[in-house]
Amino acid sequence: MTDEVGGLPERDDYYLALAFTAARRANCRGRKVGAILVKGDRVIATGYNGTPEGLPNCLDGGCLRCDDRSQFEPGTDYDLCICVHAEANALLTAGRFGASTDATTVYTTDQPCFSCSKELIQAGVEKVYYARAWRPDRRVADDYQRLQERLNAEHVPTEYEIVEFP
């Protein structure tokens, strides 16, 4: 996608590309996710999924859910995972460095999970753009849909992929 003037990437496409770049830093064995927090057309924080600061990362056995995937169904038991999700990391980074998250937009590689959706709402995020859809547990599908509507979540298909660093 290009802007009508000058051939520059459209803002949404640009920020989504940044989210995919952030995801390259993730150390999850399951799914690499990146998120960008934008306010007033400025990136105020980035995040990617991984273990809390100072703990061994997933690739080094720091997370049981990543280390033994056979014990956990895909898309479940995120509350048992030691990793911090990309969206939560972006919010926490903004808070850590004193940036207000009111009236912000999140661009993320993946649709926020149930927990991240609640956190984004509480932090004042007004809009979410995501590239890859996430399906909640069927038992909470209606509640999840309400959260997504409140976030004005919008699926933005893209050709971007997460390419590993050499």
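Begin by selecting strands β1 and β2, which form a hairpin with 2 residues between them; in the turn, glycine 40 has a positive phi of about 60°. This is a predicted model, in which local features need pLDDT of at least 70 and side-chain atom pairs count only at pLDDT 80 or more, while totals for chains, interfaces and linings use all residues. Residues are numbered from 1 along each chain as its sequence is written, and side-chain values use heavy atoms, leaving out hydrogens and water.

Strand β1 covers residues 34-39 and strand β2 residues 42-48; they pair in the antiparallel sense over 6 bridges (pairing requires at least two DSSP bridges; strands are DSSP runs of E, at least two residues, and helices runs of H or I, at least four, numbered from the N terminus). Select isoleucine 36 to find threonine 46 of β2 opposite.

Next, select helix α3 (residues 86-96) and helix α4 (residues 114-122), which pack at an angle of about 25° with their axes 9 Å apart (axes are lines fitted to C-alpha atoms over the stretch in contact, and angles run from 0 to 180 degrees between N-to-C directions). The contact (heavy atoms within 4.5 Å) is made by Glu87, Ala88 and Leu91 of α3 and Cys116, Glu119 and Leu120 of α4.
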